[in-house]
Amino acid sequence: MKIKEEVILVNHLGKKVGIAEKLQAHQHGLLHRAFSIFIFNGRKEMLLQKRASRKYHFAGLWSNACCSHPRNGERILSAASRRLREELNLETTLESQGSVTYKFHDLKSGLTEHELDYIFTGSFDGEISFDPAEVEAVWWISLPQLKKEMTAFPEKFTPWFIYIMNELVTFQTFSKTNR
């Protein structure tokens with residue numbers, strides 16, 4: 001049985017104000033809870049995922065290891081761990097790095113990502129066995145190389161990933177939080 005996909009709507013303070021069907025929330029740019037996970041390996045490389053081409057928005061773009069939404073009544077950390085397993089078949093301890101709020105419009109789909117996004121980091125060394133319905137490819141990349149790629153080809157990355165990497169979390173911060 002497939003679970004109905006809904007998101008938790010919040011106000012500018014992060015307080016729950018309702019529930020909406022996920023597509024409707026993105027059609028109307030409604031502020032909702034989300035999370036983004038950044039995974040590092042022992043070589044201090046970051047795991048990126050290329051979003052599946054059939055995703056309904058921001059399809060085919062590179063982003064952090066995993067992004068999604070908690071279900072109503074589900075704790076953010078539990079949701080993050082669940083989606084990491086579902087998308088990448090990966091389990092690790094996740095650490096909270098705070099939260100950010102952003103709003104980005106996808107011209108191709110006409111949808112808007114307006115999220116209160118909780119950021120988590122974790123470590124993993126091993127094979128990645130991803131769900132092709134969610135992820136088209138994965139890429140371990142050093143932070144200096146990532147910075148070069150993002151500068152040269154920003155159109156290949158999701159806007160929230162660029163925002164988090166360039167505006168809020170310095171590469172030095174990520175370097176300190178991974179092994």
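The entries below follow that list.

**Ground rules.** I am working with a predicted model, in which local features need pLDDT of at least 70 and side-chain atom pairs count only at pLDDT 80 or more, while totals for chains, interfaces and linings use all residues. Residues are numbered from 1 along each chain as its sequence is written, and side-chain values use heavy atoms, with hydrogens and water left out.

**Cysteines.** I searched the whole structure for disulfides, meaning pairs of cysteine sulfur atoms within 2.5 Å, and the search returned 0. Cysteine 66 is in no disulfide, and the nearest cysteine sulfur, that of cysteine 67, lies 6.5 Å away, which is too far for a bond. I also looked up accessibility, where buried means under 20% relative accessible area, exposed over 50%, and partly exposed in between (1.4 Å probe, protein chains only). Cysteine 66 is buried at 0%, and cysteine 67 also counts as buried, at 17%.

**Strand pairing.** I took helices (H or I, at least four residues) and strands (E, at least two) as DSSP runs numbered from the N terminus, and I called two strands paired if DSSP finds at least two bridges between them. Strand S7 (residues 95-105) and strand S8 (residues 112-123) run antiparallel and are joined by 9 bridges. Glutamate 95 stands opposite threonine 121 in S8. The hairpin of S7 and S8 has 6 residues between the strands, and glycine 110 takes a positive phi near 80° there.

**Tyrosine 118.** This residue is in strand S8 and is partly exposed, with a relative accessible area of 24%. Tyrosine 118 and serine 96 are 22 residues apart in sequence, yet their C-alpha atoms are 7.5 Å apart in space. Taking contact as heavy atoms within 4.5 Å, and leaving aside neighbours within four places in sequence, I found tyrosine 118 in contact with Arg33, Ala34, Phe35, Ser36, Ile76, Gly98 and Ser99.

**Nonpolar cores.** I defined a core as a set of buried Ala, Val, Leu, Ile, Met, Phe, Trp, Tyr and Cys residues joined through side-chain atoms within 4.5 Å. The largest has 21 residues, and those with the most contacts inside it include Phe38, Leu48, Leu146 and Phe161. Two or more residues each come from strand S3 (32-40), strand S4 (45-51), S7, helix H3 (143-152) and helix H4 (159-168), with H4 giving the most, 5 residues. Apart from this core lies another, of 17 residues, among them Leu47, Ile76, Leu94 and Phe124.

On a 1 Å grid over the protein atoms alone, a cavity is a set of points where a 1.4 Å probe fits but cannot get out, and a pocket is an open set with protein on both sides within 12 Å along at least five of seven lines; lining residues have an atom within 4 Å of a point. Points are joined across faces, edges and corners, and a volume is the space filled by probe spheres set on them. The largest pocket has a volume of about 660 Å³. Of its 29 lining residues, the closest to the centre are Glu5, Lys22, Ser68, His69 and Arg83. Helix H2 (76-88) is among the elements giving two or more residues to this lining, and its 4 residues are the largest share.

I found 1 cavity of 30 Å³ or more. The largest cavity is lined by Gln49, Arg51, Lys55, Ser63, Cys66, Cys67 and Glu87.
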